[in-house]
Amino acid sequence: MDAELQEIRDFLAASVEFAVLPEDALDRLPKLIIVRYLRRGSAFPPDNTQASDLWLVRTGAVDLRNTREELLDKLGEGDVYAVPDAENGSGHVHGQVIEDALFYLLPASEARELRHQYPDFADRFDRVRRRPLQQALEAFQGGAHGDSVLTVSVGELVTRAPESIAPDASIQSAAQHMSQQEVSALLVMSGGELVGIVTDHDLRKRCLATGLSRNEPVGSIMSGRLQTVTPETPAFEALLLMSRLDIHHLPVLAGSRPVGLISTTDLIRHQGTNAVYLVRDIRRCESVPALSRVTEALPELQIHLVQSGATAFHLGQAVTAVVDAMTRRLLKIGFAELGEPPVPYAWLACGSQGRREQTIHTDQDNALIYADSAGDGVHDYFARLARFVTDGLDRCGIVHCPGDVSAHAQAWRRSVSGWREEITRVIHDPDRKACMLAAHYFDLRVVYGESGLFEPLRLEALRYARTRPPFLAQMAENALSIEPPLGFFRQLVLSQNGDQADTLDVKRQGLLPIAGLARVYALQTASSSLHTLDRLREAVRVGTVTRDDGANLCGAYEHLATLRARHQVDQIKAGGRPDNFIPPKTLSPLERGHLKDAFGVIATMQKNLRARLAGRGSL
Amino acid sequence: MIRPGPWLFRRRRRRLAERLPAGPLREYLATDIPDPGADCRETGFLAVDLETTGLNPTRDQILSIGWVAMNGMDILLSTAEQRWVRTTREIPESSAVVHRITDDQAALGGSLGDGLQHLLRAMAGRVMLAHHATVELGFLERACMAKYGSPCMIPAVDTLRLAQEMLHRRQQTVRSDGLRLGALRNQYNLPPYRGHDALNDALAAAELFAAQVSHLAGDHALPLHRVLHRPGTFW
């Protein structure tokens, strides 16, 4: 190939659209190109253009608008415009060159031929057929290695059938059985049914330490009411379950038949496990300074998970598990200092902790609920407890909430009847501000304490909210108040009104709008899911959104969240403080393209919701 | 001054063609030049650049020839071509530094006649386009004289002269380096190119011309004769 056309080839290969072509096709591409110059003020595309012509901007800039003169997009260097077909035209797009521009034009006949030959290339232009986000995600997470704990299922880790014993066998025979088989735990089976588990730990703690006779039945020291997993459960979820419940063994059941027993050791052998270590270390801390030292490892956890290819979903689960553990630990340390709580209570998390979507760059969003009581000093006790816990979290790097969504604020610390009144109020009189609060209330989750104080209230609120169209409408209104950007123009983020900014706030402009949509869908059907992805899947299941729309939104969410997680890892590694602000210049053209797709998905779903609102005046 | 105009130029080309034996130059001259009254956007051009060992046609040699055709203002990369010429003398170090063509590379090239033949075939029926076209015209004239014993009478557009005229018309003073290809391209928001490579420079001149026509004529027609380079001896 001529060296000069090599420059043109390189330019083509750097564009998102052409980058999917194989090397040999890229080599042939420059010879198919027509170079065109359009001065500022020219109409774009020019009159003699044909449907399917592909225009790649080499220099200069173009504004694209719809018939209502609303800005649809702004093309700069490296951006591609495919001239739509007259029939299925995308609502008449017209443009104007706003800076003298040089284009590389791939004529329609050649473009069609390429689309025909390379389906990946065709997908870049075929809005109906394309599933770019899911594909992008696969490529994005291609780093996940074959046997990492993030990709294997529990079934793959089970190496032998579980050893079992009857509940009426003696403790001594159980111990002998364990020694012979060299296992640290036995399943206790009664009539072919799993009734419990007995471990080394149980022998030590419940028999040797208490002086119980070794001739007693093993059933007297076993743990009943077991958590189990299936062979299909992802190993990572099993790991999180164990960290959350503070247990070390999980029976694996196929149907009702035990097929294995996995331990934390099995999983730790499969790496990716500092979440478990971290939770264990946190549990051992007896003071706030000790806790703050241990939690210094939290950034490491995110680095490790992101680098081993964890999805944003997994990362959120892991970080939230750690922050939950910190919260529980602080509550316990608090009880030691302030005394046991005078009445039953529950510590609640909302925001990203409530939804289990945290990353290391997070602030506190929490609340407290306690049993109705006339007792003196109850308010005062919980005020001091909340202050202690939130200050402790702050010292451990989970900073105070700048918006004061925090149990140390009186509005977020209420009795059961106080919360019932407040939640009823916001649903009943839904103005903008009430619904901003409601968005928090419906993300609340019990972290520690009596879940019986809050759960019934939550389900009651979900049922009530569903019957209140004005509330649902205002929630939708609020969810639509933040629009995603249009895309990028050069090194800037281009907003819907044409404004340009030099950083992308990936949380505010991407993740929160999706979380807002998901919450509205959940409220419409009184779904009790909390995680945005769970809410979206639920919305697909009950038919609130179509399968494709749901899949696209999930893809957009995962993509944005993964990008944020990676951005934060880069910042930590560079010795900086992690944040949610991504400068577009750090993004590859491919990443920008996928981001733009993600924004497009959000904008479309917002538009649909807005249309439904306008159509009925409610949802 | 009243000039006989392109009519005379076209008649002389026809005459020359009749006198020449069959061959590339005869074919070239026998193909009429585009209508000088036609709009540039309807005219065929061939942007050409020569890399040479110096600027003096009588003393220096052609090292490579690059070209790309334009149909109106569409630059067709499918026609882009570059030919290296085997030199008979050593390449002076001073010029090798500029265009990075070394003796070894030049030794791999074809003969000058070969390059010339391909160029003339590509240029038939088109107007040549070059930046500082007198250099190209001078070297090609000399090559044709040497090879075919005849002048070649190439109708040409010079983007440098065009730029000068446009500046004069706006009564702007010209800075000494302001007429260089790179500087002019920059003025029209064209991308920077790695210069001193025949095809590259040909393409760079073609893009510059498209920009000049666009700014000169707007959406109106621009007759070819308004931009044609007019060496005094012809018309």
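Entry 1, chain B overall. I counted 9 helices and 6 strands in chain B; helices (H or I, at least four residues) and strands (E, at least two) are DSSP runs, numbered from the N terminus. I note that this is a predicted model, in which local features need pLDDT of at least 70 and side-chain atom pairs count only at pLDDT 80 or more, while totals for chains, interfaces and linings use all residues. Residues are numbered from 1 along each chain as its sequence is written, and chains are lettered from A and ligands numbered from 1 in the order in which they are written.

Entry 2, burial and contacts. Of the 235 residues in chain B, 41% are buried, that is, 20 or more other C-beta atoms lie within 10 Å of the residue's own, with C-beta atoms placed from the backbone. I then looked at contacts in chain B between residues at least 6 apart in sequence, and 68% of them join residues at least 24 apart. Two residues are in contact if their C-beta atoms, placed from the backbone, lie within 7 Å.

I found strand S2 (residues 62-71) mostly covered, with 9 of its 10 residues buried. Strand S1 (residues 44-52) of chain B runs antiparallel to S2(B), and 9 bridges join the two; strands pair if DSSP finds at least two bridges between them. In this pairing B:Gly44 has B:Asn71 as its bridge partner. S2(B) also pairs with strand S3 (residues 74-84) of chain B, antiparallel over 7 bridges. Here B:Gly66 stands opposite B:Gln82. The hairpin of S2(B) and S3(B) has 2 residues between the strands, and B:Gly72 takes a positive phi near 60° in it.

Which elements of chain A supply at least two residues each to the side that touches chain B? I first noted that 19 residues of chain A are in contact with 21 residues of chain B. The elements are helix H1 (3-13), strand S1 (34-38), strand S3 (54-65) and strand S6 (94-106) of chain A. S1(A) gives the most, with 4 residues. S1(A) also runs antiparallel to S3(B), joined by 2 bridges, and A:Ile34 has B:Leu76 as its bridge partner.

Conventions:
Buried ≥ 20, exposed ≤ 12 C-beta atoms within 10 Å, placed from the backbone.
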